[in-house]
Amino acid sequence: MGALQQILLGTGLLTFSALLHIAAVAWSIPLIGKLAGLIPHERRPRFRIVALLAFSVFVLVLAHTIQVWMWAVVILAITELPDLVTSFYFTTVTYTTLGYGDIVLGADARIAATFCAITGLLTFGISTAFLIGVLSKVLPSIFEDDRGAGRQ
């Protein structure tokens, strides 16, 4: 696969992954609101916090997992990796930017695989921002105390 083809493939998968991740976050926001309404804050505040954060993390883990599997299938299709397990391992190490280096792709897929790492960086950033947003809504008193402390 040529460099331009790899760039186009990587860009397409990156775009699709980002949209998938954003859709998962957007889909979960009203559900988090509904879940928050089902658990009274006054009666079980800790359970409410745990439930809302657990649901949020579940959505993010699911979105990341779907993306890693998608990348693994594509990497398997464009490389000479022996099987899906090896491709999944390589993709996970690349997506999380660990980059152990025990599996190295040839020039025919190297550029496309870098987009997998970019996807991980981008979507982990979105995930972090989302969790901070959820925390700021679930624990507003903590965030308000921090903001108010600097005004004195």
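A crossing of two helices is right-handed if the near helix is turned clockwise from the far one by less than a right angle. In this predicted model, helix 2 passes helix 3 in such a right-handed crossing. The briefing covers that helix pair and then the largest pocket, to whose lining helix 2 also contributes.

**Packing of helix 2 against helix 3**

- Two packed helices are described by the angle between their axes and the distance between the axes.
- For helix 2 and helix 3 (residues 84-95), the angle is about 125° and the axes lie 8 Å apart.
- On the helix 2 side, the contact is formed by His64, Gln67, Val68, Trp69, Trp71, Ala72, Val73, Ile75 and Leu76.
- These residues meet Leu84, Ser87, Phe88, Phe90, Thr91, Thr92 and Tyr95 of helix 3.
- By class, this contact of helix 2 with helix 3 comprises 11 nonpolar and 5 polar residues, with no charged residues.

**The largest pocket**

- The largest pocket holds about 150 Å³ of space.
- Its lining consists of Ile29, Ile32, Gly33, Ala36, Arg48, Leu52, Phe130, Gly133, Val134, Lys137 and Val138.
- Two or more lining residues come from each of helix 1 (3-38), helix 2 (45-78) and helix 4 (110-138).
- Helix 4 gives the most to this lining, with 5 residues.
- The lining of the largest pocket has 7 nonpolar, 2 polar and 2 charged residues.

Definitions and conventions
Residues numbered from 1 in each chain as written. Predicted model: local features only at pLDDT ≥ 70, side-chain atom pairs only at ≥ 80, totals over all residues. Heavy atoms only, no water. 1 Å grid on protein atoms, 1.4 Å probe; cavity = no way out; pocket = protein on both sides within 12 Å on 5 of 7 lines; lining within 4 Å. Points joined across faces, edges and corners; volume = space filled by probe spheres on them. Helix = DSSP H or I, 4+ residues; strand = E, 2+ residues; numbered from the N terminus. Nonpolar A, V, L, I, M, F, W, Y, C, P; charged D, E, K, R; others polar. Axes fitted to C-alpha atoms, helices over the stretch in contact; angles between N-to-C directions. Contact = heavy atoms within 4.5 Å.
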